[in-house]
Amino acid sequence: VQLQASGGGLVQAGDSLRLSCAVSGYTLSRYTVGWFRQAPGKEREVVAAIKWSDGRTLYGDSMEGRFTISRDNVLNTVYLKMDSLKPEDTAIYYCAGDTAWKNSAHLMGVTGLWEFWGQGTLVTVSS
């Protein structure tokens with residue numbers, strides 16, 4: 001199972017950016033894919049997750065509104081669209097996969113409950 005995150009870069013405050021997570025190696029209809037981020041000196045936190053089979057989504061605290069998670073069934077790719085970016089959004093963004101859908105933002109944010117992880121992509125937002 002592989003998750004390949006891409007799309008990070010240096011942007012200015014107020015800009016938008018779309019990250020991609022290409023997934024391979026398993027039947028996606030059985031899985032949940034999530035996005036996490038980790039800023040320097042801080043713990044990894046959940047941004048959003050999507051259940052592949054029905055497109056159900058769940059967002060971390062304060063994430064819904066500026067962040068949108070979506071999937072492409074043909075390309076086996078999950079996207080994270082980020083709008084109105086702020087300097088505090090600067091972090092390494094990771095995608096993760098697991099067989100279980102987490103029914104709450106709290107459970108979704110427990111990194112130990114996610115089985116597979118991608119390598120991360122760096123997003124830097126300048127002021």
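Let me start with one term: buried means under 20% relative accessible area, exposed means over 50%, and partly exposed is in between, with a 1.4 Å probe and protein chains only. Now, the ground rules. This is a predicted model, where local features need pLDDT of at least 70, side-chain atom pairs count only at pLDDT 80 or more, and totals for chains, interfaces and linings use all residues. Residues are numbered from 1 along each chain as its sequence is written, and side-chain values use heavy atoms, with hydrogens and water left out.

So, the overall layout. We have 1 helix and 11 strands, counting DSSP runs numbered from the N terminus, with H or I of at least four residues for helices and E of at least two for strands. Reading from the N terminus, the order is β-β-β-β-β-β-β-β-β-α-β-β. The radius of gyration is 13 Å, close to the 14 Å from the globule rule for 127 residues, so the protein is as compact as a globular protein of that length. That radius is taken over C-alpha atoms, and the rule is 2.2 Å times the number of residues to the power 0.38. Of the 127 residues, 43% count as buried.

On to the inside. By a nonpolar core I mean a set of buried Ala, Val, Leu, Ile, Met, Phe, Trp, Tyr and Cys residues joined through side-chain atoms within 4.5 Å. The largest one has 31 residues, and Val33, Trp35, Leu80, Met82 and Tyr93 have the most contacts inside it. Several strands give two or more residues to this core, including E1 (2–6), E4 (32–38) and E8 (77–82). E3 gives the most, with 4 residues. There is also a second, separate core of 7 residues, which includes Phe36, Val46, Trp101 and Trp114.

Take Leu80 for a moment. What does Leu80 contact, leaving aside its neighbours within four places in sequence? Among its partners are Leu17, Leu19, Trp35, Val47, Phe67, Ile69 and Tyr93, where contact means heavy atoms within 4.5 Å.

Last, a bit of backbone. Most residues other than glycine have a negative phi. Asn76 isn't a glycine, yet its phi is positive, about 55°. You'll find Asn76 in the loop between E7 and E8, and at 29% relative accessibility it counts as partly exposed. Ser84 also has a positive phi, near 50°. Ser84 sits in the loop between E8 and E9, and its 41% relative accessibility makes it partly exposed.
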